[in-house]
Amino acid sequence: MSSADPAPTSSVRSWWGWGRAERALSDDECIATAAALPGLPDRPRPVPRLADVDLPPSRITPPSPLPVSTAPADRAGHAYGKAYRDVVRALDGDLSGAPDAVAFPESEAEIVDLLDWAGSAGVAVVPYGGGSSVVGGVEYRGGGPWLSVDLTRLDRVLEVDRVSRAARIQAGALGPVLEEQLRPHGLTLRHFPQSFEFSTLGGWLATRAGGHYATLYTHVDDLVESMRVVTPVGVSESWRLPGSGAGPSPDRLFLGSEGTLGIITEAWMRLQDRPRWKASTSVAFGDMAAAVGAVRAISQAGLYPANCRLLDSGEAALSGAAHAGECVLVLGVESALEPVDGRLATLVGLARDSGGQPAPSAGGGRDDAADAWRSSFLRMPYVRDGLARMGAIVETFETACTWDRAEELYATVRSEVAAAVTSVTGSPGTVNCRFTHVYPDGPAPYFTVLAAGRRGSEVAMWDEIKAASMEVVGRLGATVTHHHAVGRDHRTGYDRQRPEPFAVALRAAKAALDPAGVLNPGVLIDPAPAVPG
């Protein structure tokens, strides 16, 4: 996502797939998109009508003052996140795990009441921001009754401190809603994940989300000044401070906690002046090794480009950024203070030193490759849904490693995951890669897997490919996730990565803050065993 004006939010959200219903691919577009993958059906599966989908009866009866709905559309729309396996299950009309009810609190007091009731009734509570999780973070798989708590009615910028350049913002604010309220102040949070239009501040904080910007302030962690969190045992609110050495950070306890320790209700966030100058271009490379060297040099130069997206040859071809087998580096710079053409020229020079061939427009403006990638980036989730309707397997996973292991990881993941795809599906697939974020000490590679599936077996195939990808990145010492969070789908990889003493401390924090164990059970840690009565 770029820092352009946010998209309108007046149209209808898709209950079964990504984004807005009217932006989904048509049947003809699904067929055309899948043409490059042999072995798929001639026609896409139909999208079921919500009225024809069976929902299990609700098993809970919350007290009438609580803001809770059992309407079928609300329950269906909150049944899953937006992972491939979620889309396929929805297309199959399988909503057997839908929440028993959906809460729409409009105040912190209502959240307190909801947690008090759920704890006493033994009802699992799953916080829900925009529902864009791709790791099973917003569905409960425990089998018992559960409540989805939708926070999007808590969506206001409550206070702006222009002197300190910060704002107090409610956690349910979707990206466009948040930015629109900051615009009159000439400020921006400057956090634009791909899910920007469909995700909330609280969701970003709870999952330690990464934004679109490739360097410097890549994760939302860096933008947090203080947080307010409702837990079942009380409200936690940290002080507003630019920095502190006073023991372990209370904010760090809740950042990345994924709704297991409390519900984030608001936060003071560090802001920036809105950029006035922008420029972007692309640089082509004949091989990936040279391109990786260029990106490493740029990441260690202290120039902090807004965009430094490296596409391997497969990813460049898939996005339309290249057509002759080259790798493409998309560079972008922006500033609120001064023109940026000189800084872009310096970055292009570093890429040229590593063998890159700059686009003709290098030195200012945009070029065709950069524009093609940008358009593909925003459209790709809808394309994923269209391929799912055609029976294709589509998986994306991301990781991060140090530069000394980057080339080995790139080659090994592509080779071993491709072999796993062939073993699982019986036919070869493609494994492409791009670097989404880069740091002085390493990149964050993001892999895309495409393969033909078998009708009725897509979810099982996806699960096997997911397991294979987690095994290889874990074996190579890379993180199981750089910005997609852990949820339930990454649990095995997270358990391997997490030190056991920290796991002990996390379980203790869970027991102390959520003694009834109702908050998002199964995420990050296993639910505590039931105590005999």
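A crossing of two helices is left-handed if the near helix is turned anticlockwise from the far one by less than a right angle, and right-handed if clockwise. In this predicted model, α12 passes α13 in a right-handed crossing.

**Helix pairs**

Two packed helices are described by the angle between their axes and the distance between the axes.

| Helix pair | Angle | Distance between axes |
|---|---|---|
| α8 (residues 288–299) and α12 (residues 403–425) | about 150° | 11 Å |
| α3 (residues 84–91) and α13 (residues 458–475) | about 170° | 9 Å |
| α12 and α13 | about 155° | 10 Å |

Angles over 145 degrees count as roughly antiparallel. With an angle of about 155°, α12 is therefore roughly antiparallel to α13. On the α12 side the contact includes Thr-412, Val-413, Glu-416 and Val-417, and these residues of α12 are joined by Ala-420, Val-421, Val-424 and Thr-425. Facing them in α13 are Met-461, Glu-464, Ile-465, Ala-468, Ser-469, Val-472, Val-473 and Arg-475. By class, the contact of α12 with α13 has ten nonpolar, three polar and three charged residues.

Helix α12 also packs with α8, at an angle of about 150°, which makes α8 roughly antiparallel to α12. Here too the crossing is right-handed. From α8, the residues Met-288, Ala-289, Val-292, Val-295, Arg-296 and Ser-299 meet Trp-403, Glu-407 and Tyr-410 of α12. Six nonpolar, one polar and two charged residues make up this contact of α8 with α12.

Helix α13, in turn, packs with α3 at about 170°, so α3 is roughly antiparallel to α13. Tyr-84, Arg-85, Val-88 and Arg-89 of α3 are in contact with Glu-458, Val-459, Trp-462 and Asp-463 of α13. The contact of α3 with α13 holds four nonpolar, no polar and four charged residues.

**Salt bridges**

The structure holds 39 salt bridges. One of them links Arg-89 with Glu-139, and the closest N and O atoms of the pair are 2.7 Å apart.

Strands β3 and β4 belong to an open sheet of four strands in the order β1-β2-β4-β3, with mixed pairing. At its edges stand β1 (68–69) and β3; each has a single partner strand, so one side of each is left without a neighbour in the sheet. Strand β2 (residues 101–103) runs parallel to β4 and is joined to β4 by three bridges. Ala-103 has Val-149 in β4 as its bridge partner. Helix α4 (residues 108–121) packs on this sheet and touches β1, β2, β3 and β4, with its direction at about 170° to that of β4.

**The sheet of seven strands**

Another open sheet has seven strands, with antiparallel pairing, in the order β15-β12-β14-β13-β17-β18-β16. Its edge strands are β15 (357–358) and β16 (392–398); each has a single partner strand, so one side of each is left without a neighbour in the sheet. Strands β17 (residues 430–439) and β18 (residues 442–452) run antiparallel and are joined by nine bridges.

Notes. Residues numbered from 1 in each chain as written. Predicted model: local features only at pLDDT ≥ 70, side-chain atom pairs only at ≥ 80, totals over all residues. Heavy atoms only, no water. Axes fitted to C-alpha atoms, helices over the stretch in contact; angles between N-to-C directions. Helix = DSSP H or I, 4+ residues; strand = E, 2+ residues; numbered from the N terminus. Parallel < 35°, antiparallel > 145°, perpendicular 65-115°, else oblique. Contact = heavy atoms within 4.5 Å. Nonpolar A, V, L, I, M, F, W, Y, C, P; charged D, E, K, R; others polar. Pairing = 2+ DSSP bridges. Salt bridge = Lys/Arg side-chain N within 4 Å of Asp/Glu carboxyl O.
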